[in-house]
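I opened this notebook to record what I looked up in one structure. The entries follow the order in which I took up each topic.

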Amino acid sequence: MARDKKSEGVIHTSSSRLGMDAPSFKDSYFRHLEYSLGKDVYSATDHDRYSACALAARDRLIERWIATQQTYYNKNAKRVYYLSLEFLIGRTLGNSLINLDLYEPAARALREIGLSLEDLREKEWDAGLGNGGLGRLAACFMDSLATLELPAMGYGIRYDYGIFFQSIKNGYQIETPDNWLRFGNVWEFPRPEYSYLVNFYGKAEGYVDATGSQRRRWADVEQIVAVGYDTPIPGYRNNTVNNLRLWSAKSSREFDLGYFNGGDYIKAVADKSISENITRVLYPNDAVHEGKELRLKQEYFFVSATIQDIIRRFRKTHGNFKDFPQQVAIQLNDTHPAIAIAELMRILVDSECLDWETAWDITVHTFGYTNHTILPEALERWPVDLIGKVLPRHLEIIYEINRRFMNDIAASFPGDTALLQSCSLIEEGTEKKVRMANLAIAGSHSINGVAALHSEILKTRLFKDFYQLWPERFNNKTNGITQRRWLKLCNSELASLIDETIGERWTKDLSALRDLEPFANDASFCEKWRAVKMAKKKSLHAYIMGHNGVDTDVHSLFDIQVKRLHEYKRQLLNVLHVITLYNRIKDNPSADITNRTIIFAGKAAPGYWRAKLIIKLINSVAHTIENDKEVSKRLKVLFLRNYAVSNAEKIIPAADLSEQISTAGTEASGTGNMKFALNGALTIGTLDGANIEIMEEVGKENIFIFGLNAEEVETLTRTNYDPLQYYYANRELKQVIDQIRRGHFSPENVDLFKPLVDSLLYQGDQYLLLADYQSYIACQDRVSQAFRDTESWTRMSILNTARMGKFSTDRTISEYSQDIWGIEPVHIGLS
């Protein structure tokens, strides 16, 4: 590849064999099968065939990838660096082919040699480097950044084991390691040339520099090597291919020959094993001290390597750090990377010898912070002693940031001790802690929430004192999803129907789906719409038969709640409804009740015993129903194991009803609600997170809303909420609770679910399930009636899809780039 700086971003390439047609793709496939994998058509395994296909697709990314990076340098483009502890990428092959506009040629090439692209895609292991919405949002953001031709780079951790593999045994969740790298990863490129030393422990000490000035430094450290692994992220139907760099930990001492020669073979490699534990697993259990320390080291490890890498790139073309915010924007995806603020200050002050005020000004103008949680317990707070042990110089810097910050507040608001306590980076108490969210706010020029309600709660409740100080820093950026993966790829039948009806503009401008609205009253189109939904339900039926052995009724209402297991997401409220339906059918088997298939999926954190007990309850209720001949004709309940991006792509297109039922004021945004609605599911939900904005877009008549709103929740919890009043006042609710308590669904252990009942009746019902129960049941009854009117339901389904234009990450990223990062698109040309 030759470079020509005078060609206005056009990079000249000499590649002629990387055609975008079926014959060229077929040639690439066979070339990789033989020369990259050392196989022929007789000896190749299914995984070999997948790898050859993936490598053929990857070839077509490489020249665009190199051209993209070179053009950014040539044009001296300001870049955004997206720091996230999670990237829930899922499978890469299908998405890459879609974005390259190569999906159909590749599928045709493979059919000609007797292979199925869909079958090969199933051989790819999910890159489960995330736990839920946070990591999936980061992956969607990377897709949109490249599609919008924005100079960007993602940074995270290359975990050896991603989010655990979930199996279900006797109804209980069982966690086993997710060894996603067992067959390697054809999409990544090791970059040992981009390796950095990351320091831990040691001490902070003073010294006198060559000019006679008193300075501080970090001494007597232990070191670990961070090695970069790069993955190309293509934009949709353009030449932009951005970079995702994930860091892997390697020991700075691979092998101690002294111990080996002395016969201590285990000790000879002990340092290597301990060092590399840092990137071994996503989210170590931090219920124990060792887990907390490892989690903190993970966060600093990837932040330190990232900041070093960003500075190396900046120095290639700039020598003055005052230019840093004009070339670099760093976005913190939640509080996990917040230690980056102290790390950049350490480098600027200790290594670059900038004065504090200049360094702080550079830091604040560089960082933006996205908050993703309203729950105070989810905001990271690290013990001061732990940070002092692991990162002693950073603790000093945090204390100095806090000292200056507190002085500024005291000067502006004399005598306001409550404001000082609220905004302090240090939480006082029996164990002092560093409030990482406060550090992120103090050190960033932008603080954003991810839905209108969420951002309002940040300003009026969670961070109201910071909002009083810096109202100009706070803004909202409602989350979105990428329509390329969550419609075009996962629901090709619906995408094709839309294409032939209104064209393909929606793939880059989701608001174009509005053109579907007139067709909601077109009988022929509605019939085609229903046929697509039925095809997806039949496909999911086959998947369920293969994995759960349950024979579902594809004509029943597919009622689906798939998401991370957490009490605030209220899977337990859904179970209360399931049992209510069970009781109604038992009481009157001939009752006129709409048949339902209720599907759950999601993982509970390994240490979250109550969430895991809810999974057991779901499976116990499902078992009871499946073994009741009368009830099981009308009602099916099942829990799909090991929820991940790849099976979400099968589940979501088949949904009739999407359960988004978190307690109002607890869900920051949610993106599952958007994925379901985009695929024509109707939503039953509370006025929480992005549900509110979805309701505003699709219309109140096309969504099922129930329950208390956020204000009412706050009022009720403030005025001595008594769940027992609701329990005694509602006959159906009392019956359901009593059945769970008396072991109706656990006859082998009648007290098994007592902790769940106690949490509802005697421990405050923190998430107000009993307060919302009657409204939820009444709303579900309305859903049942609405589903029976096929034509009306179809119309509502079409309008949900048609009015989802706001909820693309393309829109979200455009707002970030204009309002926070100040970056411009850079067109990548190839000739």
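**Entry 1: a helix pair.** I began with two helices, and helix 12 and helix 15 turned out to be roughly perpendicular to each other (angles under 35 degrees count as roughly parallel, over 145 as roughly antiparallel, 65 to 115 as roughly perpendicular and the rest as oblique). The axes of helix 12 (residues 339-351) and helix 15 (residues 392-412) cross at roughly 95° and come within 9 Å. Axes are lines fitted to C-alpha atoms, for helices over the stretch in contact, and angles run from 0 to 180 degrees between N-to-C directions. Helices (H or I, at least four residues) and strands (E, at least two) are DSSP runs, numbered from the N terminus.

I then listed the contact, meaning heavy atoms within 4.5 Å. Helix 12 brings Ile339, Ala342, Glu343, Met345, Arg346 and Asp350, and helix 15 brings Arg393, His394, Ile397 and Ile398. I sorted these residues into 5 nonpolar, 1 polar and 4 charged. Here Ala, Val, Leu, Ile, Met, Phe, Trp, Tyr, Cys and Pro count as nonpolar, Asp, Glu, Lys and Arg as charged, and the others, Gly among them, as polar.

**Entry 2: what I am reading.** This is a predicted model, in which local features need pLDDT of at least 70 and side-chain atom pairs count only at pLDDT 80 or more, while totals for chains, interfaces and linings use all residues. Residues are numbered from 1 along each chain as its sequence is written, and side-chain values use heavy atoms, with hydrogens and water left out.

Entry 3: In which order do the 9 strands of the open sheet lie? I read the order as 8-11-12-5-2-13-14-18-19, with mixed pairing. Two strands pair if DSSP finds at least two bridges between them. Strand 8 (189-200) and strand 19 (474-476) are the edge strands, each pairing on one side only. From one strand to the next the twist averages 25°.

Asn448 stands opposite Asn475 in strand 19.

Helix 35 (residues 809-821) lies across strand 2, strand 13, strand 14, strand 18 and strand 19, and runs at about 120° to strand 13.

Entry 4: I found an open sheet with the order 15-17-16 and antiparallel pairing. Strand 15 (381-383) and strand 16 (426-427) each have a single partner strand, so one side of each is left without a neighbour in the sheet. Strand 15 pairs with strand 17 (residues 433-435) over 3 bridges in the antiparallel sense. Pro383 has Lys433 in strand 17 as its bridge partner.

Entry 5: Strand 9 (residues 203-208) and strand 10 (residues 214-219) run antiparallel and are joined by 6 bridges. Glu205 has Arg217 in strand 10 as its bridge partner. The hairpin has 5 residues between the strands, and Gly212 there takes a positive phi near 90°.

Asp220 lies in the loop between strand 10 and strand 11. Its phi is near 55°, a positive value in a residue other than glycine. Is Asp220 buried or exposed? Asp220 counts as exposed, because its relative accessibility is 59%. Buried means under 20% relative accessible area, exposed over 50%, partly exposed in between (1.4 Å probe, protein chains only).

**Entry 6: two buried loop residues.** Asp765 also has a positive phi, near 45°, in a residue other than glycine. I placed Asp765 in the loop between helix 32 (754-761) and helix 33 (769-788), and at 1% relative accessibility it counts as buried.

Thr686 is in the loop between strand 24 (682-685) and helix 28 (691-698). At 0% relative accessibility, Thr686 counts as buried. Leaving out residues up to four places away in sequence, Thr686 touches several residues, including Arg570, Gln660, Phe706 and Asp772.

**Entry 7: helix 1.** The buried residues I noted in helix 1 include Phe25, Tyr29, His32 and Leu33. Their cover includes helix 2 (46-74), helix 3 (93-99) and helix 4 (103-112).
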